[in-house]
Amino acid sequence: QEEKTWWKEGVLYQIYPQSFKDTDGDGYGDFKGVIEKLDYLGSLGITMVWMNPFFESPMVDNGYDVSDYRAIHPRYGSMEDFQAMLDGMHARGIKFVLDVVVNHSSDQHDWFLQSRSSRDNPYRNYYHWWPAEKGTPPYRHSLFDPEGAWEYDSLTNAYYLHTFAEQQPDLNWENPKVRQEVYDIMKFWAEKGVDGFRMDAFQFASKDTTWPEFPEGHEEDFIKWYGMRPQLHEYLKEMYAEVIEPFGVFAVAEGAGSTFLDAHDLVDADRKELQMAYHFETVDLSRTPEGYELEDFKNVFSKWDSAFAEKGWISIFLSNHDNSRLVNRFANPSPEFRTPSTQLINTFLMSMRGTPFTYYGDEIGMTNIDMPTIEEYVDVEALGKYQTAKASGQDLEEFMRILNYSSRENGRTPMQWDSTPQAGFTTGTPWMKVNENYVEINVAAQEEDPNSILNHFRKMVQVRKENPALVYGKYELVQKEHPEIYAFTRTGEGQNLMVVLNFSQNPSSIELETLPTDASVIINNYSTLDVNGNTLNLKPYQALIFSVD
Ligand code: TEU
């Protein structure tokens with residue numbers, strides 16, 4: 001096995017800054033708000049924070065369109081506020097992970113303004129241009145723009161490439177100057193003391209600039225066609241030597257290619273590239289209201305675990321700002337089961353090998369909001385998908401049913417702190433509506449209740465920290481075929497632990513060689529333990545970890 005490190009042993013908490021805590025009443029969360037909540041973060045026991053982009057930006061994609069990588073968007077505060085927030089985290093033993101959005105910039109970035117201004121501008125080849133006299137460029141698919149990834153710009157009679165929105169032109173990573181600019185930006189933040197980087201959409205950074213034709217329908221296999229070109233690895237090695245190693249920081253890639261080999265090439269220690277990656281197979285399991293099958297869920301996690309058993313490291317995540325809420329997708333939002341099922345899914349997240357990434361609000365079981373009509377949507381991805389659906393004659397009613405369940409807006413509503421107006425998030429008008437259920441689901445209410453989702457989350461973070469087998473131990477599936485229960489062992493570091501999770505809303509049972517006792521139980525989301533002979537009987541969504549010795 002590779003080296004033991006803090007980023008393997010840590011628990012990461014993701015903050016969407018515009019939705020966390022507003023202190024100046026403008027309806028957007030800010031750094032001062034995070035500072036106000038530092039003790040709360042400390043009380044969770046988490047050891048890392050990843051914050052989504054807060055840089056200067058026209059906000060076409062909520063900050064994933066950066067117009068100045070060294071400046072802070074005024075709504076979040078000043079550089080001094082940033083430094084105070086960072087110092088406050090460090091004082092509490094929390095490391096900070098910066099979001100680095102460099103597959104593309106904003107079209108308002110000075111580089112792009114220069115680049116588009118003339119064909120012989122020194123910044124021209126900071127981006128990808130196709131001169132229109134060569135005809136229409138070979139089709140490239142855009143993830144956000146129904147018209148494709150090439151945008152015509154009459155100013156120089158040429159097309160530029162944008163994998164995401166048209167206001168997010170792709171940077172030309174084949175240009176060594178661009179790469180140097182990016183490393184300089186990363187150094188700027190590393191010097192301020194950030195401890196890690198999350199590389200946004202990075203698997204798409206390198207392009208084949210001979211622009212071959214791709215076959216019809218290729219976009220169905222997007223990552224295969226657009227991701228992980230061999231040159232990407234050269235650039236990552238360069239980045240490692242320039243930034244990662246000298247500053248002793250770490251970096252996690254969004255996306256892990258389309259094969260295990262791709263993922264290993266990104267993260268194995270001897271590659272000297274990145275340290276961690278996250279894949280989309282889990283979230284892909286649950287993109288419609290019909291939900292997922294436990295069998296598939298077990299398979300995805302088991303196969304990724306075995307692929308990384310000897311070498312390399314991944315993160316484990318079940319939700320983030322690009323997905324709807326954890327509770328709706330992997331647990332059970334009904335009032336009767338929300339608490340035990342969310343506790344179960346948090347138990348699972350914290351007991352797998354791989355660094356757990358938890359998304360703000362999931363520690364209290366925040367849920368999706370209801371947005372049945374397209375008029376309410378602001379997200380550039382949702383609007384793009386709607387246009388595509390409309391243009392291709394899809395059933396729009398069905399489309400909206402799925403969008404309402406799966407859209408990114410669901411995961412972006414303000415944090416529910418208490419039962420005062422706007423959930424204690426802001427004294428003004430929130431940029432995005434607060435979920436009506438804040439009166440019931442909020443931090444203050446759950447602080448009071450020892451059996452709340454929040455207090456279980458805290459306990460579970462502690463359990464992970466105190467049991468190194470949960471971090472480094474071997475994972476083995478137990479009774480793979482069980483239709484309701486996900487059971488597995490984590491063995492190593494002098495420990496032998498068993499995790500038993502009843503994913504069903506009905507009671508279920510499992511026969512085990514070693515059964516839990518009151519003394520061997522490490523965590524249980526119910527106050528009861530029901531053992532009968534060789535059988536462990538579990539309540540709906542009961543989640544147990546016990547020591548087998
Ligand atoms: O997402 C990259 C990405 O591949 C998206 O297609 C993602 O899979 C999709 O949004 C899921 O619904 C990153 C960021 O996480 C996302 O928020 C940004 O919008 C995107 O890059 C562009 O920067």
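For reference, the cut-offs are 20 or more other C-beta atoms within 10 Å of a residue's own for buried, 12 or fewer for exposed, and partly exposed in between, with C-beta atoms placed from the backbone. Asn157 sits in the loop between β7 (150-153) and β8 (158-161), and its phi is near 50 degrees, a positive value in a residue other than glycine. Helices (H or I, at least four residues) and strands (E, at least two) are DSSP runs here, numbered from the N terminus.

Before going further, bear in mind that this is a predicted model: local features need pLDDT of at least 70, side-chain atom pairs count only at pLDDT 80 or more, and totals for chains, interfaces and linings use all residues. Residue numbers start from 1 along each chain as its sequence is written.

Now compare Ala423. Ala423 also isn't a glycine, and has a positive phi of about 60 degrees, but this residue is buried, with 25 other C-beta atoms within 10 Å. Look for Ala423 in the loop between α15 (396-406) and α16 (443-448). Met415 lies in that loop between α15 and α16 too, and is buried with 25 other C-beta atoms within 10 Å. What is Met415 in contact with, leaving aside its neighbours within four places in sequence? The partners are Ser19, Phe20, Lys21, Tyr360, Gly361 and Phe425, where contact means that two C-beta atoms, placed from the backbone, lie within 7 Å. Glu254, by comparison, is 161 residues from Met415 in sequence and 24 Å away in space, C-alpha to C-alpha.

Stepping back, the protein chain is divided into domain 1 (6-104 + 196-460), domain 2 (110-161) and domain 3 (473-547), with bounds that come from an automatic or database domain assignment. Taken over C-alpha atoms, the centres of domain 2 and domain 3 are separated by 56 Å.

The largest nonpolar core has 134 residues, and Val49, Leu274, Met276 and Ala277 have the most contacts inside it. Helix α8 (residues 230-247) supplies the largest share of this core, 6 residues. Such a core is a set of buried Ala, Val, Leu, Ile, Met, Phe, Trp, Tyr and Cys residues joined through C-beta atoms within 7 Å. Take Leu274: beyond its neighbours within four places in sequence, Leu274 is in contact with Leu236, Ala251, Val252, Ala253, Leu266 and Val267.

An α-helix has 3.6 residues a turn, so residues three or four places apart point the same way. The 18 residues of α8 reach 26 Å from first C-alpha to last, close to the 26 Å expected at 1.5 Å a residue; that expected span is 1.5 Å times one less than the number of residues. At Tyr240, α8 bends by about 45 degrees, the bend being the angle between axes fitted to the seven residues ending there and the seven starting there. Just after α8 comes Gly248, with a positive phi of about 60 degrees.

Val49 leads us to the sheet. In β2, Val49 is the bridge partner of Tyr13, and β2 (residues 48-51) pairs with β1 in the parallel sense over 4 bridges. Two strands pair if DSSP finds at least two bridges between them. β1 also pairs with strand β13 (residues 355-359), again in the parallel sense, over 3 bridges, and there Leu12 stands opposite Phe357. Both faces of β1 (residues 12-15) are covered: Leu12 and Gln14 are buried on one side, Tyr13 and Ile15 on the other.

Strand β14 (residues 474-478) runs antiparallel to β15 (residues 485-492), joined by 5 bridges, with Lys474 partnered by Thr491. Their hairpin has 6 residues between the strands, and Gln479 takes a positive phi near 50 degrees in it. β15 then joins β16 (residues 495-502) through 8 bridges, also antiparallel, and Arg490 stands opposite Leu497. In this hairpin, with 2 residues between the strands, Glu493 takes a positive phi near 55 degrees.
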